[in-house]
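Work through the exercises below with the sequence and the model open. Each task is followed by a stepwise solution.

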Amino acid sequence: MIKVKKKRKITLKNTWPMHLMLLPGVIVLFTYTILPFFGNIMAFENFQPVLGFFKSKWVGLDNFKYMFMLPDTFKIFRNTLVIAVGKIIFNLVMSVFFAVLLYEMAGKRFKKTVQTICFLPHFLSWVILAMIFRDILDGSGIINMALMKLGIIDEAIVFLGSNKLFQGIIIGTDVWKEFGYGAIIFIAALAGINQELYEAASIDGASRLQKIWNITLPGIKVTVVLVATLNIANVLNAGFDQIYNLYSPIVYDTGDIIDTYVYRMSFESAQYSLATAIGLMKSVVSFLLIVTSNFLARKFANYRIF
């Protein structure tokens, strides 16, 4: 007769070492995420630092009404959406493109070298990169000097001082910095494609482009949809550190985003309640977007993308 081993009952007494290991992470999460959340009460008050949260005058939704009356509100939301959506789309496209090219290349050592070089910019701070890009894009920088030497332009272009060019520069520099890092997950997905599919396609006489279109891209479509869905949660995060280090009052019309505007309202104008109201509205919109995108991704998951 076979004895069935009883399943051990999971209790706190048996798992307390695991809970102890989680404790530092829980403390950090509570301190920097959950505890500051209660500061959103400032959005419903005329907050005065001297009086604190509990003694400041309660104004209800007045800060939100005032926010929608400001002419800058539409501008900063528009700029944030344009820059963030541009980053999401171009980063995704370039990451997939780079991953597929790397996958099709021969020579493991060369592939690893290329991947490492393209991966490194992700670890550089925007404080450092902003100084580099400011020098490159300056009136006497290498780009302007090269264009004038070639006779393409007669006067130097103020790249970081042009409202027409600033958003494109922000998106382009972010794609340059992040596409190598973003390609990692797609490279991992490509490694899971069944190689017998390529062998069968070769026997049928398929070209390399036909293999990419009919095997490689469909093989990673689930990963592409997943990454795109997760990125929509950041659609209102246009990159505070990048823009703050590159923009100036000259390009506020096209470069000012929600995060930089909130920063200026808080620490330069001391309008804490208004800044909190704008930040809270951003969080609410981001939450609605991620819920909607998750619903649409589930609904259209079985549709052919490529």
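Helices (H or I, at least four residues) and strands (E, at least two) are DSSP runs, numbered from the N terminus. The model is predicted: local features need pLDDT of at least 70 and side-chain atom pairs pLDDT 80 or more, while totals for chains, interfaces and linings use all residues. Residues are numbered from 1 along each chain as its sequence is written, and side-chain values use heavy atoms, without hydrogens and water.

**Exercise 1.** Describe the span of residues 76-102.

Solution. Start with the record: an unreviewed UniProt entry lists 76-102 among its transmembrane regions; such annotations may be inferred rather than shown by experiment. Next, the composition is 100% helix and 0% strand. Finally, the end C-alpha atoms are 38 Å apart.

**Exercise 2.** Determine how helix 4 packs on helix 8.

Solution. First, the axes (lines fitted to C-alpha atoms over the stretch in contact, with angles from 0 to 180 degrees between N-to-C directions) come within 8 Å and cross at roughly 35 degrees. Then list the contact (heavy atoms within 4.5 Å): helix 4 supplies residues including Phe90 and Phe98, and helix 8 supplies residues including Asp174 and Phe179. Last, sort the contact residues: nine are nonpolar, seven polar and three charged, with Gly counted as polar.
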